[in-house]
Amino acid sequence: MAVSRMDPIVPATPLAGATALVTGAGQGIGRGIALALAAAGAAVAVVGRTAETIGATAVEITDRGGRAVSYVCDVTDGAAVEETVAAVVQEFGGLSILVNNAQSPAPGTLLELDEDVYRGGMESGPTATWRMMRACHPHLRGGGSIVNLGSAAGIRWNPSGTGGYAAAKEAIRVLTRTAACEWAADGIRVNSILPLADSVAMQEWAEREPEEAAAYASSIPLGRLGDPETDIGPAVVFLCSEAARYITGHSLPVDGGQALVR
């Protein structure tokens with residue numbers, strides 16, 4: 001008897017059996033990524049500073065039939081990072097995916113930017129990304145995947161007013177490429193995405209600089225901001241899946257066509 005339809009080439013749950021750790025997962029893009037990873041079959045360690053928000057994300061995943069546990073962690077604290085990774089591995093029995101999403105903003109022109117705010121952006125962004133990657137490295141060997149979050153702010157023709165944030169995000173891209181090259185022999189793939197979504201950071205920018213934010217949004221060829229769960233999350237799922245097994249060291253804009261990476 002003839003089969004009326006073809007079986008799907010891509011499995012419905014491409015990350016079944018995987019365990020993912022997502023930082024900054026209590027809101028915005030981090031939350032959307034966590035939900036998308038869970039929908040793709042991964043168990044998710046929901047990591048962030050605020051117990052209430054990460055707990056809500058974990059509950060939402062559980063209510064949808066997935067598995068998730070929340071972990072309070074300040075990624076600027078090296079000891080806390082090590083303890084959190086150890087707790088995740090103990091709870092889930094291993095780790096196969098790391099998503100570094102946490103990042104404190106550092107708005108302002110270079111003359112306006114407070115040094116403590118600038119330092120906070122670097123500590124929460126590239127330094128925390130480096131720490132988390134190193135802590136997870138032993139557990140990701142032999143097939144693990146890392147996705148770090150960069151930003152198109154670092155490749156804009158004029159980053160005025162966002163220089164501190166852009167510098168942090170470009171440093172993350174350099175760390176991504178370096179880890180991809182150094183850890184390829186360990187079987188670890190490392191990529192970054194440059195997302196543009198209706199996130200908390202985007203909303204805060206729109207409040208500070210409404211005209212500039214509106215002009216930026218109007219430059220998106222697809223005509224809208226992305227949704228953290230349904231637009232940004234699936235890109236991360238792809239990069240962490242077997243379908244992307246030959247992709248590493250890449251920066252992928254997920255922004256409706258707004259940025260051009262040269």
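Start with Leu15, Ile33, Leu37 and Val44: of the 33 residues in the largest nonpolar core, these touch the most other members. A nonpolar core here is a set of buried Ala, Val, Leu, Ile, Met, Phe, Trp, Tyr and Cys residues joined through side-chain atoms within 4.5 Å. Buried means under 20% relative accessible area and exposed over 50%, with partly exposed in between (1.4 Å probe, protein chains only).

This is a predicted model, in which local features need pLDDT of at least 70 and side-chain atom pairs count only at pLDDT 80 or more, while totals for chains, interfaces and linings use all residues. Residues are numbered from 1 along each chain, and side-chain values use heavy atoms, without hydrogens and water.

Next, color α1 (28-39). This helix gives the core its largest share, seven residues. Helices (H or I, at least four residues) and strands (E, at least two) are DSSP runs numbered from the N terminus.

Zoom in on leucine 37. Its contacts (heavy atoms within 4.5 Å) include Leu15, Val44, Val99 and Val236. Apart from this core lies another, of 28 residues, among them Val75, Leu95, Leu140 and Ala179.

Now select α3, residues 78-92. Show Ala80, Val81, Thr84, Val85, Val88, Val89 and Phe92, its buried residues. They sit on the same side of α3 because they cover an arc of only 165° around the axis, taken from the directions from the helix axis to the C-beta atoms. Their cover includes β1 (19-23), β2 (43-48), β3 (68-72) and α4 (115-140). Turn to the face away from the buried side: Glu83 and Gln90 are exposed there.

Finish at the ends of α3. Aspartate 77 caps the N-terminal end, with a side-chain oxygen 3.0 Å from the backbone nitrogen of alanine 79. Glycine 93 follows the helix, with a positive phi near 85°.

Definitions and conventions
Expected span 1.5 Å × (residues − 1). Polar contact = N/O pair within 3.5 Å; in protein donor to acceptor, adjacent residues only side chain to side chain. Lists of a residue's contacts leave out its neighbours within four places in sequence.
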